[in-house]
Amino acid sequence: LLTDFGTRDGYVGAMKAANPDLVLLAYMNGTFAQRSQGKAYPAAWYMRNRWGKKIRSSGFGNYLMRFHRAGWINDREAACARAVSYSGYDGCMLDMLGTAPLDPGYLTSLPIHPRTGKVWTRAQWLDGTSRLAGSVKRGVVPRFVVANGIGSGPRYFAAGAESERILNGIDGGLAEAF
């Protein structure tokens, strides 16, 4: 999704004129397709559970995607480039890169890593989302790419969580409830 505030009615230029240091970022969900997009992408792009069913977020109904695969990565790169071009913004903010989807109840069922046949570990998840963010950044250089998913203070500092991994190769991160 693209935050559409002011993209067509001159507000971006006016805001930049008022504050030349202002950085505007287009919102994108990094790891999920929206709830209306259950058939919008090739079937192989959707993350599956042990029984081969698509996995959705419990709170929003969004579809978890195979964020570590080339198809979805290329889609996110192109979506960011389109959003920046359309909006005149300075880059993209990729949401949902942290480990919250691995917490009990966040998803309709836990995602299975295709190579191991087991539930993704936090380290595997962060390595995969970090690669996704780095690829998006390389696709829109010199534009900004910022990730949301550092999480809360306890998640950030938890042994083994290492949520700072998602910052590798990008311009910054966003922490909620820190």
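Is strand 5 largely enclosed by the rest of the structure or left open, and how many of its five residues are buried? Please keep that question in mind while I take you through this chain, which we are looking at as a predicted model. The answer is that four of the five residues of strand 5 are buried, so the strand is largely enclosed by the rest of the structure.

If you follow the elements from the N terminus on, they run α-β-β-β-α-β-α-β-α-β. The radius of gyration is 16 Å, close to the 16 Å that the globule rule gives for 178 residues, so the chain is as compact as a globular protein of that length. Taken along the principal axes, the box that the C-alpha atoms fill is roughly 55 × 40 × 30 Å, and 47% of the 178 residues count as buried. Among the contacts with a separation of 6 or more, 71% are between residues 24 or more positions apart.

Four strands form an open sheet in the order 1-4-5-6, and their pairing is parallel. Strand 1 and strand 6, the latter covering residues 172–174, stand at the edges with a single partner strand each, so one side of each is left without a neighbour in the sheet. From one strand to the next, the twist averages 25°.

Which strands do the helices lie across? Helix 2 lies across strand 1 and strand 4, running at about 155° to strand 1, while helix 3 lies across strand 4 and strand 5, running at about 160° to strand 5.

I would like to stay with helix 2 for a moment, which spans residues 70–87, has 18 residues and reaches 26 Å from its first C-alpha to its last, close to the 26 Å expected at 1.5 Å a residue. Its buried residues are W72, I73, D75, R76, A79, C80, A83, V84 and S87. Seen down the helix axis, these buried residues fall within an arc of 160°, so they line one face of helix 2. They pack against several elements, including helix 1 (11–18), strand 1 (25–29), strand 4 (91–95) and helix 3 (122–140). On the face turned away from the buried side, you will find the exposed residues A70, R82 and S85. Just after helix 2 comes G88, which takes a positive phi of about 80°.

Is N62 buried or exposed? With a relative accessible area of 9%, which lies under the 20% cut-off, N62 is buried. Leaving aside its neighbours within four places in sequence, N62 is in contact with N29, F32, A33, Q34, R35, I55, R56 and S57.

Methods
Residues are numbered from 1 along each chain as its sequence is written. This is a predicted model: local features need pLDDT of at least 70, side-chain atom pairs count only at pLDDT 80 or more; totals for chains, interfaces and linings use all residues. Side-chain values use heavy atoms; hydrogens and water are left out. Helices (H or I, at least four residues) and strands (E, at least two) are DSSP runs, numbered from the N terminus. The expected span of a helix is 1.5 Å times one less than its number of residues. Buried means under 20% relative accessible area, exposed over 50%, partly exposed in between (1.4 Å probe, protein chains only). The arc is that of the directions from the helix axis to the C-beta atoms. Contact means heavy atoms within 4.5 Å. Two strands pair if DSSP finds at least two bridges between them. Axes are lines fitted to C-alpha atoms, for helices over the stretch in contact, and angles run from 0 to 180 degrees between N-to-C directions. The radius of gyration is taken over C-alpha atoms; the globule rule is 2.2 Å times the number of residues to the power 0.38.
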